[in-house]
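User: Please take a close look at one helix of this model, and then at the pockets.

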Amino acid sequence: MSSVVYYGAVVNPTSLTSYSTLPRCLLSVDTAGTIEWIVETVESHELQDVLATKGLVDVHVVEIPDGMFIMPGFIDTHTHAPQVPNIGTGGQYELLGWLEHITFPMEAKFADSEFARKAYTSVVRRIIDSGTTTCCYYGTVHLEGTKILADIVHSFGQRAFVGKCNMNRESPPNYIEPSVAISVQKTQDLITYIRTLSKSSIPTQEPLVQPIITPRFAITCTDDLLEALGELAAAEPTVRIQTHIAENRSEIEFTRSLFPFAPHYAGVYDHFKLLRKNTILAHAVHMSNEELDVVKTRQSGISHCPTSNFNLNSGVAPVGEYLDRGIKVGLGTDVSGGFSISILNAIQNASIASKVCAFQHPGHTTASSPSTFANKPLTVATLLYLATMGGAAVCDLDNQIGSFARGKSFDALFINVSNAAGNPSLWGLINGAPLPPTTEERKVLLDGWLERFFFCGDDRNIDKVYIQGRLVGGRSFQAKN
């Protein structure tokens, strides 16, 4: 099997404020699924000459059809796999009531391994086909059920972090771990198990499926459990950590009552050595300046989950301020607090959330500096960054995924914006319509396609999903399987 060379329209994020639109891009992917090289602009009459300079004479070039473009895969930095069956329900509650009445009863069902297998098979398939190439999954407290989740993720070829929730208090009698020792031992067992599933053949890249230490949130963990997890994390410095923080005001007050020694919510996790470069903090809706200073100092990342924050009446996270502080931010769907498994929905609601912040601070929307973000609407470039490169940084994988660059994995979406996709909301390329002849004109067209896809697109527009160079999902994949 030889390298694959793609030729056509590519969108590539470059920073929080910019991205490249490349209507005539040439991109080579090697047999291991790693990007070998990129030539950003190659006119059609130059194609064979450029290939010859790369030592390629008779190579088969895969041309991207008119009305389609390639972009990096979406990265979901926070979601709950066992909550997907509840999606679209429970919006009448705020966080703590929603956990009690909607979420914990569903998660308890995953003690049944057969139920877990059926549910997770559907969950992971749907998430991949929605364009998520990397996903941070919360499982349940059940070790066997979470192993099944890891098995399914591995079999489908998704890149993911899979964690077993740690919960030994403030949980229902039928959904709680009996002791600190059992909670930690099961976490260690899961780490060992997942490491046997997925190994990378590329020395510079990490395996597709990895374990992640998952204290659900401070309320459900006693001091001694958090301390033990901190010790486990210290012994496993490359294992990521994920948890929740400052999502809801009632949750924050309850946390303060449980940990009176801590100066603030972030101080709880910091005290137990759970904040570090590869820690993912979901929500961060209501954070003090002192807490943000701690998060920045520890180089932890924030998963912005705007759909869930709206749906559960939690508030609006001022992510523009976090970006101005240099804190890493990615997007999360947070199903089923969020009512969509698609990062496209998170993009749309992140845009709305930023506009709510701007409404509350009139005069900031026309600030002269394009490199500040607080209290201003997020641009398409920033939204693209959060969904790709930002998420990669939060997952501590920014040297491997998030954009197209030499040496990175080819985790990619083939986006169809023609009428053939069957999405009546997206006014893209009408079938048979000629494209403008010049590269500059096509760049303008491609800019429009990206924005329309973000705000009008859905899974019908995601034609192919590639992870590590392998086709694993999308409409074309479904049609063949």
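Analyst: Helix H12 covers residues 343-359, and its 17 residues should span 24 Å at 1.5 Å a residue; the end C-alpha atoms are 24 Å apart, which agrees. The expected span is 1.5 Å times one less than the number of residues, and helices are DSSP runs of H or I with at least four residues, strands runs of E with at least two, numbered from the N terminus. This is a predicted model, in which local features need pLDDT of at least 70, side-chain atom pairs count only at pLDDT 80 or more, and totals for chains, interfaces and linings use all residues. Residues are numbered from 1 along each chain as its sequence is written, and side-chain values use heavy atoms, with hydrogens and water left out.

Of the 17 residues of H12, 13 are buried (under 20% relative accessible area, with a 1.4 Å probe and protein chains only).

A pocket is an open set of points on a 1 Å grid over the protein atoms alone, with protein on both sides within 12 Å along at least five of seven lines; lining residues have an atom within 4 Å of a point. Its lining comprises 17 residues, and Gly8, Pro23, Ile64, Asp66 and Arg442 lie nearest the centre. Strand S1 (4-15), strand S2 (18-29) and helix H14 (439-456) each give two or more residues to this lining, and H14 gives the most, with 4.

Terms used. Buried < 20%, exposed > 50% of the residue type's maximum accessible area, 1.4 Å probe, protein only. 1 Å grid on protein atoms, 1.4 Å probe; cavity = no way out; pocket = protein on both sides within 12 Å on 5 of 7 lines; lining within 4 Å.
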